[in-house]
Amino acid sequence: MKAIRTGLPVTRTLAATLLASSALLTPAQAQEETTITAVMHSGLRVLDPVITTAHITRNHGYMIYDVLTAVDEDFTPQPQMADWQVSDDQLTYTFTLRDGLMFHDGAPVTAADAVASLKRWGQKDSGGQLIFDVTASLEATDDKTLVWTLSQPFAPLMDVISKQSAVPPFIMPARVAETSADETITEYVGSGPFVFNEEEYEPGVSVTYEKFDDYVPREGEPSWMAGGKVVNVDRVVWTTMPDNLTAMNALAAGEIDYLEQVQIDLMPILDAAPDVTVEMRDPLGYVTIGRPNFLHPPFDNKLVRQAAAAALGQEQMLATMQGDPEYYKVCGAIFGCATPLGDQAASETLVAPNPEASKALLAEAGYDGTPIVLMAPTDVISLSNQPVVAAQALREGGFEVDMQSMDWQSVVQRRAQQAPIGEGGWNMFFTNWMVPEISDPLINVMVNGRGDDGWFGWPDDPQIEEMRSAYVAATDAETQKAIAVQIQEHVMDNVNYLMMGEYLIPQARRTVIENMIPSPVPVFWAMTKAE
Amino acid sequence: MADIPTSRPSAFHVLTGIFALPKGARLGAGPAIAALVLAIIVMASVCAPLYVPHDPLSMDAMSRLKPPSGEFWLGTDPFGRDIFSRVMTGGRVSLLIGVGAAVVSVAIGLAIGLVAGFFRTADGIIMRIMDSLMAIPAILLAIALVALNGPSLGSVIIAITIPEVPRVVRLVRSVVLTAREEPYVEAAIALGSSMPKILIQHLLPNTLAPLIVQGTYICASAILIEAILSFLGAGVSTEIPTWGNIMAEGRTYFQLKPGLIFWPGILLSLCILCINLLGDTARDLLDPRMKKREG
Amino acid sequence: MKFSTKDLSRAEQVFSITGLQVGLAGQPDAAPVLDRIDLQIRAGETHCLVGESGSGKSVTSLATMGLLPKDALEVTGGRIQLKEVEITAASPSRMRDLRAKRVAMIFQEPMTALNPVLRVGAQIEEVLNMHTDLSAAEAKARTLDIMEQVHLPDVPRIYQAFPHQLSGGQRQRIMIAMALVLEPDLLIADEPTTALDVTTQLQILKLIAEMQQRHGTAVLFITHDMGVVAEIADTVSVMQKGRIVETAPIRELLTDPQMDYTRKLLQAVPNLTPRPARPVNGADAVLDVDNLQMTYGGTGWFSRSEGVRAARDVTFDIAPGRTLGIVGESGSGKSTVARCIMRLIDPTGGRVCVAGSDIARLSRRQLQPHRKHFQIVFQDPYRSLNPRWTVARSLCEGPINFGQPKAQALEHAAELLELVDLPRDALWRYPHQFSGGQRQRIAIARAVAMKPDLLVADEAVSALDVSVQAQVLDLLDDVQKRFGIAMLFITHDLRVAAQICDDVLVMQKGQVVEHGPAGAVLADPQHSYTKSLIEAAPGRDWDFANFRAVSAPSAIQGATV
Amino acid sequence: MFGYILRRLLATIPVLLIVSVFVFLLLRLTPGDPAAILAGDAATPAQLERIRDSLGLNDPLHVQFLTWFGQMLQGDFGTSLISNTDVLDMVSDRLGPTVNIAVMTIIISVLLAVPMGVIAAWRHRSWIDFAVMSFSVLGFSVPVFVIGYILIQIFAIELRWVPVQGYKSPADGLGAFFSRAVLPSLTLATIYVALIARMTRASMLEVLGEDYIRTARAKGVRENVVLFRHALRNAAVPILTIIGTGFALLISGVVVTESVFNIPGIGRLTVDAILARDYPVIQAMILLTAGIYVMVNLLVDLSYSLFDPRIRY
């Protein structure tokens, strides 16, 4: 069985070699197609944008699916597939699909498809769950109209379904959307501007998209995921390069067109390449955070958490990660510095380390010197520096630190363990988020205070839950902002997590790639390639 | 003819003194230089804590990636740590991994190999298991083992050791199988010596010379594998500098700060080069066939 | 004895060596390996070069071929002249051209001297391709012709065969064909029959003589075997430690040797005539082998072969103080019998009674207490002692196993060393510090230390030079007398058997073909195989030790006693 | 011959069985949760638990093993837990690049290493010997990724002779294939050349001391004929053996080289799968590489008889 299976590709290769040698002299391609070869931050392995929050899968979702509504760069929801109306009592939302929407298999997009898709999404997305908690009915009244009826008002409803990140409600055919929310979908048909080429898909290596000729873009300028998605290229190929240096060199040599993330220290390599432009696509950037485990000592003690906050300094961490100060921002706003809800209240302790304060707090808390288990992933470059820097800072602040190295998957597995430290538990880990993923109290999982039902670290924090409920109930932006500032202050005091600052990752493209719109999600519509 | 009167002397007597140079063997300066260089590297690494100017772990975000200077002799790494201090300290751990892997795999392989070589009944099962282990690519096995135990120093040594064990077992077994045909072993049987006694007193010493040679190669390759594991993200934690993880951390800076790879790389390669050279020399001296040609 | 009677007085001198010196490369001060050698050979003459191992015979032949190992040996003086060509001055390419064409060589080991991966026909043809412009068809014809001349059977088939598909004798014929296909002036034969069975040896010797006669070749024949010398030589040179000590026509040398060394050498050659029989003592047999069977292999799941029956129905016994010799050619099963008796291998059938107990079926553990009753001495003196152990440790190993206190064992070991004629302080030396004969003495001492009832000597003197061989045989004899040990003596050498055995058992292909008192079996063989063995023994009519022909009556007398 | 092959194939069954049990247990004891990888960063424990259920990861170990093993016997290696694609499809897509690069590496290595080894043995203890041995020891001493970087720097960046990275199948044009395959192959070949050259030299040294070489010289055979016709064929068996056992080394090298040169081969597939705990893929890959290793060595053993007529099966 083995011999047969392994034999096949070899013979195939040999045959191909023979064919190729005869084809060597014929011109490569009769008509010129525009292909964009892009190196993305990670390999695409999961094709179901609802089951996972992985960025690369979300980006894939935006390529082949469309959304009903989307926020623009001002965080304002805009119609995309559908326009909507809200009843005066804030209980009924009526969405009307625009004309010309069609799935890649030729079937028209109906309201029933949208209903099925929203329902599946509602099972997975935490914001979606909140909406469905107050949903009386969601149904398609005809092919183009769907009506969403709530049992009580849910003010941020449009913000949630229009959000750009983590899980946006992508619209799939009803038959696909009927897949259980715990299993991955197996058919990849959307109505978005690009068609997924299943033939050429190699998980983790490359994925190819072709322009969907029958896509009818909305009128209007594109802005983030809103506006008209006019595709000006024929093919987009995403590849992964496990080695940053190789990717840089490939771009400099013109072998690829686009590099989603540029390692800042390596930018001088691109300086030497005249045809490459390095720029900031996404001015919001990312945050890096540390999360203590509230279940076990010493971080079950607020004073110890505060000591950790005092010991750590954003500047040191960000400088180590990024190097060039142009690409990071010392900023303690838990909902992001440049977002509507962002506010830096009470975050002074985080800016610079204060080991003395830390030691004083530890003394006050009666910290007994038990080493804290700090999980340090070694195989993900964007996450490998923080624990190392943190370990040194915490030690200087009077902590004993047991930094345990492991691969990221071990971190992922272990952070889900609620067991005590000696039995496979943990005290602290670090991770990164895109700013839109933490930009309000519903999206930001780290301000969830529901204990065991919350996110890893499991703070049981009724106060913050009250604030979140108030946020949902608030009907105007000012009240929302005021509540957000309260949450900010509470998080800083209670140290639900350690906001370690914001950083930016530039992208690089060959200069022939033009008209790329700024957005946290890299956008391949609007883009042109001059060749 | 089975009983040809041979007048050719067996070269076994050369094995009596493992490091005794046979007559007429010309070694040249190579091995001497190799031994000297290796001794210097080992001494410099072992004594590193006594003289390195900085704590190899002490970070300073404000002095990242500095060029060589009076303060930082070889510059600093992306964490602002002193490269010179890290490289010299890293040598200790790398050498420890090399020697550790060599000693552990030789010890385990020797025990299993002696048993497999002398007890026919155990041989079949043991060798099937060894074949299976050998069939699993070492690097994949090592990655999986490191993932299993976490990238601590011990688990990296174990991960490097386990794939090496079958090779040692095969070597020991083949030496034992050859040696047990030797008339002096048969004579010992005839003299009523017990199996354990024959195994330990007659057969074990035969395996030592080839094992020393094999051990040097394992030592060299362990240092190298550690580097590759680090490259693949399954190496020792960065809190324990090794040549391997210094290079792995510095690999993306290859074009901009070649020192990050160059200095640990040069020491690592030099060290492996010397170990291999000494291994070759030992093999040439110990291999009876080579001996024959020396005259 | 019929010596070669060629008249060479008018033959042309083909080959001469004058004052040849060979030394270690790069070590001008070391003692020379060859020290001023002189040698002349005429066309059609067979010149034998005899001497013990290390005397420089092979170096002489390699120097003649220009094949001295470059980085080890070099010619430091003298000349080698082949007709008009001076070999010592020839360039490498000139030398290459001379080889096979003018001077050819055959080697000792037909097993290893032919390239195992090339067909033998091609190997002969290669000589023609290198040195002549013959077409492929002509070359093949020449090859087949020379193969016919060396009396190979079924030439077309053998032409296509690989060396491993041929017998030792056939391979040596191929070597001879290869050497003589270009009719060289000089043929060097370096121990060409030493590795062959005695019957094959005879055929090869005849073939060389025949080819020599046909082509008028001068032959330089290197051997350590005086029997062979007596059969074929016209003239003889005796070498010792890199010098030629005596050169003479064959009859002169054998009847009236001038030098002490030559005399010593000749006197050491054991006589083929059995020694006078010793009285039978009538004691109960120490070893009683009954219907012994040994079949190798044949039990695998997948192999269909029936196994090799290395010993069948072997039955004999030995009384204390008596010696039984098992003789036979290679593959006759004689060593198998010895190893079965020692229980180094497990016999597949029959009984082996040593000192009254049947040990054929005992497990390893059960066997252990019986081990001290029977001991063995092996062929290869260089491998039968653990090279890492002092002599003392080797000698004490057995007695300590059987509970003797260490000090006592050591004292005993020292006595034994004296018994085998070695100094007491030899106890603290390592095997490599001894010569082959000395090591064999130590091995004997080790066996005797167990005070065994039975001593098995498996080709115990075959690897030794004749003079050493004689001493070791004497020692064995002495030990036997002193302790009354029964001895089983395995040998391929009829001369040795004749000198040490009371009884002889002849084996062929695993079976006993003849068994009886040595005098009867060797002097008056009944079985055709035994007869052919004795017929084939070279120089069997010459009594070397006494510088005279064997007197017929004494042979008969020996047979009748 | 066929009996022998059959026997050898039967003998691989216990080997592969032990490998599969070993790998299965190793993976299940390894910390890591494919469900967590699948679900991403924001998943809650309850969601993870449901996904684990649907992937069958909550079944008892022996049930999981027997299910997997039974399916495998029917040629079904399962689907990737992460990408939900058929493992066999995944593997066969990725096998081509690795096999092509590996074959090219072996060809380059043999073409370079064998003559090097032969000449080194012939000129034993000369400067050529020293140079060859130094090179081969150096080949063992430099980590493979460093060699890769250096080659990229010189040939792709400075000289711009070949692309920096990537892979094109020979079907896309031989030129495209070779220009991309040459650097990875050379990178991999460094250690392989070292290995084969050393073995060739050692084996040749031994053979050159044999009697039949003396016979050949005594026949007046020219030195090149002695070396290549008489000696090399006799020295072939250990060289073939090292090519076979060195195959394991090649796989190790492939893992690294594929990362450096961005080649979508099975090496990267396996490392990615290990780091993502994609059990079915890891199991299939380890079994596959073990199977290939065993087969390669069987082929090597069979090829002995091409070179040495004494070896017949």
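Chains A and D share the most contacts of the five pairs of chains in contact, two residues being in contact if their C-beta atoms, placed from the backbone, lie within 7 Å. This is a predicted model, in which local features need pLDDT of at least 70, side-chain atom pairs count only at pLDDT 80 or more, and totals for chains, interfaces and linings use all residues. Residues are numbered from 1 along each chain as its sequence is written, while chains are lettered from A and ligands numbered from 1 in the order in which they are written.

**Assembly and confidence**
- Chain A and chain C do not touch, and their nearest C-alpha atoms are 23 Å apart.
- The predictor assigns the complex an ipTM of 0.80 together with a pTM of 0.82.
- For chain D the average pLDDT is 86, with 98% of the residues scoring at least 70, where pLDDT is the predictor's confidence in each residue, from 0 to 100.

**Fold of chain B**
- Chain B has eleven helices and zero strands, helices (H or I, at least four residues) and strands (E, at least two) being DSSP runs numbered from the N terminus.
- Of the 295 residues in chain B, 57% are buried, meaning that 20 or more other C-beta atoms, placed from the backbone, lie within 10 Å of the residue's own.
- Among contacts in chain B between residues at least 6 apart in sequence, those joining residues at least 24 apart make up 71%.

**Annotated spans of chain B**
- An unreviewed UniProt entry places the feature "transmembrane region" at residues 32-52, 95-119, 139-163, 216-240 and 260-279 of chain B, and such annotations may be inferred rather than shown by experiment.
- Residues 95-119 of chain B are 96% helix and 0% strand, with end C-alpha atoms 36 Å apart.
- Residues 260-279 of chain B are 100% helix and 0% strand, and the end C-alpha atoms of this span lie 29 Å apart.

How values were computed: Buried ≥ 20, exposed ≤ 12 C-beta atoms within 10 Å, placed from the backbone.
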